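Let's walk through a predicted model together, one question at a time. Have the sequence and the 3D view open as you read.

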Amino acid sequence: MTAAPLSFSPEVAAARAAGRPVVALESTIITHGMPYPRNLQTARAVEAQVRRAGAVPATIAVRGGRIRIGLDDGALEALAQEREVWKLSRADLAVALALGRTGATTVAATMIAAHAAGIEVFATGGIGGVHRGAEDSLDISADLTELAETPVCVVAAGPKAILDIPRTLEVLETRGVPVIAVGQDNLPAFWSRDSRCPAPARLDDAASIAAAFAMRRRLGLPGGQLVANPIPADAEIPAEELAPHIAAALDAARADGIAAKQVTPFLLQRILELTGGRSLEANIALVLNNARLAAEIACALHAGRVAAAADAH
Ligand code: PSU
Ligand code: MN
């Protein structure tokens, strides 16, 4: 455990005291990934989904010089409506805390916070990765290096389809991150079930995903694992249908000179407009689906620990 300035919500503090399974949730998806009020409704629904599946949700954000592990409904609502919220990745976390700024945590920063708080499982929508054209821009999300370094099991619907998925897979392999497709051979692509890229590994249930994660910890390997959970079939937008919208959004980003942290929020918003809101509905469906699986994995890890403790007696 680090000396990180953590503040736990009463619900999460009680779960920790009782040794109950906890699932971390990020906040950039709320502040930069979805428009108000759907962002707030989704954040609440995702928390409810985690609870229904038997775990305790801990939405993570930064405020008043503290990393908040678990937000009550008032804090969630304030964050969802606030305008001047920083998007915090690994590079920004310390600065935002030192200055007392309000910040939303990305996958990378949420992993850091979750690990500091002793939370092993984290649900999000899609991870960041290697952007298309990264051979020139060098725009590669810090989410990938975090997965290589921080032992948290991240449940996502794959890398976002706006990215260069084959190159994202190459970086993850180089950095030694297990990439596990759930229930299918190919990696899912966020709004679509099939990226057409074979996944490096496939597992079909929460218990085996938990076992793989626990084994990685036993090996003493420092990083996490990426669990790529395909969007439910009835909510997906087929990749062929999305391709022209992604191309148009990328053109718009180039024309507007969008760079760095703005790229992903800009592309998500553009694609929302181009699909007439369908991409948002898909995004919500996939996050809910990931929250349920993450809770099941957290429960399986918890059950494994209980069994191991019983064996030791
Ligand atoms: N998943 C979503 N919507 C999002 C994100 C994930 O469904 O907006 C956020 C996560 O916080 C992720 C970030 O870490 O997008 C990636 O940003 P970047 O490409 O700048 O690293
Ligand atoms: Mn980037």
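Q: Is Lys-160 buried or exposed in this predicted model?
A: Lys-160 has a relative accessibility of 11%. The cut-off for a buried residue is under 20%. Because 11% falls under that cut-off, Lys-160 counts as buried.

Q: Where in the fold is Lys-160 found?
A: Look between strand E8 (153–156) and helix H9 (165–174). Lys-160 is found in the loop between these two elements, E8 and H9.

Q: Which backbone atom does the side chain of Lys-160 reach?
A: Setting aside residues up to four places away in sequence, Lys-160 touches several residues, including Gly-126, Phe-190 and Leu-268. With one of them, Gly-126, there is a side-chain to backbone approach at 3.0 Å. The atom reached is the backbone oxygen of Gly-126.

Q: Which residue does UniProt place under "active site" together with Lys-160?
A: The feature comes from an unreviewed UniProt entry, and such annotations may be inferred rather than shown by experiment.

Q: What is the relative accessible area of Glu-26?
A: Glu-26 sits in the loop between strand E2 (22–25) and helix H2 (28–31). Beyond its neighbours within four places in sequence, its contacts include Thr-59, Thr-105 and Phe-122. Glu-26 is buried, and its relative accessible area is 9%.

Q: Which backbone nitrogen does the side chain of Glu-26 reach?
A: The approach is at 3.1 Å. The backbone nitrogen belongs to Ile-29.

Technical notes. Residues are numbered from 1 along each chain as its sequence is written. Chains are lettered from A and ligands numbered from 1 in the order in which they are written. This is a predicted model: local features need pLDDT of at least 70, side-chain atom pairs count only at pLDDT 80 or more; totals for chains, interfaces and linings use all residues. Side-chain values use heavy atoms; hydrogens and water are left out. Helices (H or I, at least four residues) and strands (E, at least two) are DSSP runs, numbered from the N terminus. Buried means under 20% relative accessible area, exposed over 50%, partly exposed in between (1.4 Å probe, protein chains only). Contact means heavy atoms within 4.5 Å. A polar contact is a pair of N or O atoms within 3.5 Å; within protein, one must be able to donate a hydrogen and the other to accept it, and residues adjacent in sequence count only if both atoms are side-chain atoms.
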